[in-house]
Amino acid sequence: EDELPMRLLETAETVVALRPGEGDYRLVRWTGQPVPAMGGLSVRGPSRWANGVQLRAARVLGEARPGGTLRWQLIWSVEAAPPPGMDYHWFNHLIDARGRRVGQKDGVGFPSRHWRIGDTVVIWFDIPLAADMPSGQYTMRVGIYTFPDVRNVPLSDASGNLDAIELGPIEIR
């Protein structure tokens with residue numbers, strides 16, 4: 001199920017610790033073929049932000065249960081150089097059928113000062129789920145914002161009005 005992450009971890013070149021409780025970065029050099037398809041949720045509609053980030057895939061790792069943690073994985077690539085000095089964070093909002101946010105995890109994807117065109121980045125977010133959360137299907141809204149000023153980055157679409165990609169369904173059992 002997690003073939004790509006295991007292959008990446010086996011070839012880790014550098015591990016960079018983050019603040020206590022935030023895990024670490026594992027920087028690897030992928031010299032093989034393009035990142036293999038890994039299943040999961042397909043991206044429909046606009047999937048590139050104005051800062052040059054292209055979302056390639058998203059999926060839930062393992063089972064998501066009320067009272068547990070939803071482990072959310074994003075695979076994205078750098079298609080254009082970001083503006084100098086700009087830093088970005090991700091938001092991941094779990095939305096119920098009535099459009100309410102029932103879970104959230106924000107965080108750094110990978111500091112933009114290190115981006116190179118053609119890089120592919122695999123990141124994970126652990127989203128706590130309430131114990132009283134009903135089982136069912138949910139949607140994830142994924143977006144990028146500038147940090148520390150917190151301005152959403154628009155998607156590169158015809159209207160320019162979108163700032164997040166909606167992915168789903170995500171099953172909570």
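Thr 139 in strand 8 is the bridge partner of Ile 95, and that pairing is a handy way into this fold. What you're looking at is a predicted model, where local features need pLDDT of at least 70, side-chain atom pairs count only at pLDDT 80 or more, and totals for chains, interfaces and linings use all residues. Residues are numbered from 1 along each chain as its sequence is written, and side-chain values use heavy atoms, with hydrogens and water left out.

**Strand 8 and its partners**

Strand 8 pairs with strand 5 in the antiparallel sense over eight bridges; two strands count as paired if DSSP finds at least two bridges between them. Strand 8 also runs antiparallel to strand 9, this time over seven bridges. There, Gln 137 has Glu 171 of strand 9 as its bridge partner. Strand 8 is largely enclosed by the rest of the structure, because eight of its eleven residues are buried (under 20% relative accessible area; exposed is over 50%, partly exposed in between, with a 1.4 Å probe and protein chains only).

**The wider picture**

Of the 173 residues, 38% count as buried.

The largest nonpolar core has 32 residues, and Trp 49, Leu 70, Trp 72, Leu 74, Trp 76 and Trp 90 have the most contacts inside it. Strand 4 gives the largest share, five residues. A nonpolar core here is a set of buried Ala, Val, Leu, Ile, Met, Phe, Trp, Tyr and Cys residues joined through side-chain atoms within 4.5 Å.

**A look at Gln 104**

Gln 104 sits in strand 6 (residues 101-108) and counts as partly exposed because its relative accessible area is 33%. Setting aside neighbours within four places in sequence, Gln 104 is in contact (heavy atoms within 4.5 Å) with Asn 92, His 93, Ile 127 and Pro 128. Leu 129 is 25 residues from Gln 104 in sequence and 9.0 Å away in space, C-alpha to C-alpha.

| Side-chain pair | Distance |
|---|---|
| Gln 104 and Arg 101 | 2.5 Å |
| Gln 104 and Asp 106 | 3.1 Å |

A polar contact is a pair of N or O atoms within 3.5 Å; within protein, one must be able to donate a hydrogen and the other to accept it, and residues adjacent in sequence count only if both atoms are side-chain atoms.

Key: Helix = DSSP H or I, 4+ residues; strand = E, 2+ residues; numbered from the N terminus.
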